[in-house]
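Colleague: I would like to learn how to read salt bridges in a model. Please take me through them one at a time.

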Amino acid sequence: MGQHQFTDQALPELKSLSSKERGSFCEEKVLQHFRSQGFKLVQRNQKIIGIEIDLIFYFKNYIMVEVKSLSSFEQIAFRLKKSQKSRLLRAREYFQSYKQEPVELLVAFVSLKEEVLVLDIADFE
């Protein structure tokens with residue numbers, strides 16, 4: 001999976017969006033990013049045991065993606081709280097047992113310059 005580095009210079013258009021609009025915009029950017037690499041979207045904003053998963057793709061195996069906007073690179077460590085990570089891991093465990101196959105869990109960040117950086121959930125403490 002390609003990872004991109006990005007700078008902290010912001011585009012005014014993205015900064016001016018409401019939180020909900022920014023979330024939708026970022027999901028769209030991540031969707032384009034994964035589709036460009038051949039991933040097939042299976043579900044968007046899917047609730048699994050009451051936990052919303054932003055995007056679920058399939059490419060050799062299932063990939064669950066949590067999408068986050070990011071105003072600066074230094075924020076990455078703080079953008080996924082322990083409680084949210086725990087919920088996402090529970091959702092993956094349930095989905096994995098239901099599908100009876102491995103499921104990847106990734107966090108995709110979209111910078112204010114509209115660049116995408118993808119990290120594995122294991123990269124967060």
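Colleague: Which side chain meets Lys29 in a salt bridge?

Modeller: First the general idea: side chains of opposite charge can pair when their charged atoms come close. This is a predicted model. Here the partner of Lys29 is Glu114, with 3.4 Å from N to O. The pair links distant parts of the chain, 85 residues apart: Lys29 lies in helix α2, and Glu114 in the loop between β4 (103-111) and β5 (116-120).

Colleague: Is Glu114 buried, exposed or partly exposed?

Modeller: Buried means under 20% relative accessible area, and exposed means over 50%. Glu114 has 26% relative accessibility, so the residue counts as partly exposed.

Colleague: How many salt bridges does a search of the whole structure find?

Modeller: The search finds four. One of them joins the side chains of Glu28 and Arg44, at 2.9 Å from N to O. These two also come from distant parts of the chain, 16 residues apart, with Glu28 in helix α2 (residues 19-35) and Arg44 in strand β1 (residues 40-48). Glu28 is partly exposed at 33%, and Arg44 is partly exposed at 27%.

Colleague: What about Lys68: which residue does its side chain meet in a salt bridge?

Modeller: Lys68 pairs with Glu66, at 3.8 Å from N to O. Lys68 counts as buried because its relative accessibility is 11%. Glu66 is buried too, at 7%.

Notes
Residues are numbered from 1 along each chain as its sequence is written. This is a predicted model: local features need pLDDT of at least 70, side-chain atom pairs count only at pLDDT 80 or more; totals for chains, interfaces and linings use all residues. Side-chain values use heavy atoms; hydrogens and water are left out. Helices (H or I, at least four residues) and strands (E, at least two) are DSSP runs, numbered from the N terminus. Buried means under 20% relative accessible area, exposed over 50%, partly exposed in between (1.4 Å probe, protein chains only).
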